[in-house]
Amino acid sequence: MSEENKFKGQAKQVYRMLIMVWCVVLLGTAFAIYALVDPSLSAFKEKETELVVVDDTISEDDWDKVENGIHLRTGFVDDDGLMTVVTNCTSCHSAKMVTQNRMTKERWIATIRWMQETQNLWDLGKNEDIIVNYLAKNYAPKNMGRRANLENIEWYELN
Amino acid sequence: MAGIIGADIVFGSKMPINYQPLALQDTDPFVLFGLDKEMVVLNDKPWNIEAKAHLLDEKVTSNKNMFIRNNGIPPENIDVASWTLVIDGESVEQTKTYTLSELKSKFKHYTYQLTVECGGNGRSEFNPPAKGNQWTIGAVSCASWTGVRLKDILDDVGVKDSAVYIGYHAADSHISRDPNKEPISRGVPMRKAVQEETLVAFKMNGEDIPAAHGYPLRLVCGGWPASTSGKWLNRISVRNIEHDGAKMKAPAYRVPKNTVAPGEKVEDEDMKIIESMPVKSLITYPKSGAVLELDKKLKIRGHAWAGELEVDQMEYSIDFGATWQTCSIEKPVNRLAWQHFNAVITFPEKGYYEVWARATDANGVGQPMLVPGWNPKGYLNNACHRIAVKVK
């Protein structure tokens, strides 16, 4: 084999290797782009694909699911006016700000006035009655006396 | 979410300086803030999280056991290189702006252990219930704070004789996302502002202040309601009137001037601002619910504090206050730090006991066993802490 042919052979080899490398890079890039678009790689997991395809109506039902009288998403008690309260009282703070508290009707109204005057709460219009009645009924004060018993004690052996 | 945030954030102190926690408002608070699993979340927007008594056993409260009281949404893009502290107001000689590095290089550094307790700690026990976050006993901490004295900064700026109050401003935003509204902007009268222990702090427990506690700068006024210790501090106004920022007006952080019957309506003008916090104590060991043999002695320990004052005397009772025994109590490491007490208890016979603890301050004022004077917003409940014990 002449020097020239030998060189041609080597060049061909290098050429083939380069093509291989490029193919790998291209495939990798394609995969990476795909992974960006579909991070869970669902197209490759046949079984999961079926699980992943969620029925929109079910998720919307779950969104406002009530279990044992409690609106799961917010923790509010299920009663007349629930959704009016959820809509008006959970956009600034979480529902926990509300459900931690116990007040009479007058004090719930006073709290709403305070938020309207100082915290940007809007005029509730005819929804105010619905909200106040719901709160006064479901989050009314209980008499705790001047000092309650210790409760929910978790007993453990101290060594 | 945890995948994005990365478990490393548990070690908040090791966070890279410019790291911005993603979505500070809506992820797992235990991972996000590096909290002990037993911490109790009262509210998730804004974040309000408290400790349990036994979590506060450490002499110096660490980040993982430190209560979080946020009034708004913490700042999300913190760039320490461009962070500044502005001193302005009617009563400064000139408005002055300091970068963080200027603050650190220009003024002497001091480190104090400071008791920081939420004015509403204990609120859940008021009857009729008081509104707000229903704190039980865990909204108190005593960490070690390092910074410069506010007094030194004010001396450098120059303060006029007309100064009566300082008010802080910070980088957090109102939960309604209204950019013109501050979630909270409180302060203290000049006499507190110029105390040696009143710090503009940049370190907590020797490391960068954790994000939830005010990184990169916090005003710390030990012994006063924690709401006076403004987090994410970027401006202090020296006022010629009582500061009138958000949550300075009644009924916030105020109690009736004259005592009222439980549930009574109190007019705004009949309320006064809370200053020094009252005498209080916590049994931090053992955890409530201990069961022990009759022949065993019970060692108890905890902390006591009294706002601006020192605690002089510490006692415990195992008979619901019929008799009191003395605990030994240490001096504070510095003014405004809590003090540690301990005692060894022998029980006379088997049965259900409650160990009650009672601190008395330097003026001879002690903790009540019952919930103290009712007030509309449920502040300053310093009733004795107690734990349940069973002896077999």
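Let's start with Thr111 of chain B and what it touches. Setting aside neighbours within four places in sequence, Thr111(B) is in contact with Ser144(B), Trp145(B) and Thr146(B). With one of these, the link is polar: the side chains of Thr111(B) and Thr146(B) are joined by a polar contact of 2.8 Å. Keep in mind that this is a predicted model.

Where does Thr111(B) sit? In strand 6 of chain B, residues 109-117. One more distance here. Met204(B) is 93 residues from Thr111(B) in sequence, yet the two C-alpha atoms are 9.2 Å apart in space.

Now helix 4 of chain B, residues 150-157. Its buried residues are Leu150(B), Ile153(B), Leu154(B) and Val157(B). Look down the axis of helix 4 of chain B: the buried residues fall within an arc of 95°, so they line one face of the helix. After helix 4 of chain B comes Gly158(B), with a positive phi near 95°.

On to the rings. The count is 11 aromatic pairs over all chains. One of them is Phe76(A) with Tyr139(A): edge-to-face, 6.3 Å centre to centre, with 75° between the planes. This pair links distant parts of the chain, 63 residues apart. Phe76(A) is in the loop between strand 2 (70-71) and helix 4 (82-89) of chain A. Tyr139(A) is in the loop between helix 7 (127-138) and strand 3 (156-157) of chain A. Both residues, Phe76(A) and Tyr139(A), are buried.

Tyr139(A) has another partner. Tyr134(A) and Tyr139(A) form a tilted pair, 6.2 Å centre to centre and 50° between the planes. Why does Tyr134(A) count as buried? Because its relative accessibility is 2%, and the cut-off for buried is under 20%. Tyr139(A) has a relative accessible area of 4% and is buried too. Put together, Phe76(A), Tyr134(A) and Tyr139(A) form one aromatic cluster.

Back in chain B, two arginines lie over ring faces. Arg301(B) lies over the face of Tyr285(B), 4.4 Å from the ring centre. Arg358(B) lies over the face of Trp324(B), at 4.2 Å from the ring centre.

Last topic: salt bridges. How many are there over all chains? The search of the whole structure finds 25.

Chain A gives us two to look at. Glu67(A) forms a salt bridge with Lys65(A), with the closest N and O atoms 4.0 Å apart. Glu67(A) is partly exposed at 40% relative accessibility. Lys65(A) is partly exposed as well, at 36%.

Then Arg113(A) and Glu128(A): their side chains meet in a salt bridge, 2.7 Å from N to O. Arg113(A) is in helix 6 (residues 105-118) of chain A and Glu128(A) in helix 7 of chain A, 15 residues apart. Arg113(A) is partly exposed, with a relative accessible area of 32%. Glu128(A), at 14%, counts as buried.

In chain B, Glu308(B) forms a salt bridge with Lys192(B), the closest N and O atoms being 2.7 Å apart. Glu308(B) lies in the loop between strand 18 (298-305) and strand 19 (311-317) of chain B, and Lys192(B) in helix 5 (residues 190-193) of chain B, so the pair ties together parts 116 residues apart in sequence. Glu308(B) is partly exposed at 21% relative accessibility. Lys192(B) is buried, with a relative accessible area of 1%. And this pair belongs to a network of salt bridges that links Lys192(B), Glu197(B), Glu308(B) and Arg335(B).

Definitions and conventions:
Residues are numbered from 1 along each chain as its sequence is written. Chains are lettered from A and ligands numbered from 1 in the order in which they are written. This is a predicted model: local features need pLDDT of at least 70, side-chain atom pairs count only at pLDDT 80 or more; totals for chains, interfaces and linings use all residues. Side-chain values use heavy atoms; hydrogens and water are left out. Helices (H or I, at least four residues) and strands (E, at least two) are DSSP runs, numbered from the N terminus. Contact means heavy atoms within 4.5 Å. A polar contact is a pair of N or O atoms within 3.5 Å; within protein, one must be able to donate a hydrogen and the other to accept it, and residues adjacent in sequence count only if both atoms are side-chain atoms. Buried means under 20% relative accessible area, exposed over 50%, partly exposed in between (1.4 Å probe, protein chains only). The arc is that of the directions from the helix axis to the C-beta atoms. Rings of Phe, Tyr and Trp (its six-membered ring) pair if their centres lie within 6.5 Å; planes under 30 degrees apart count as stacked, over 60 as edge-to-face and the rest as tilted. A charge sits over a ring if NZ of Lys or CZ of Arg is within 6 Å of the ring centre and within 35 degrees of the ring normal.
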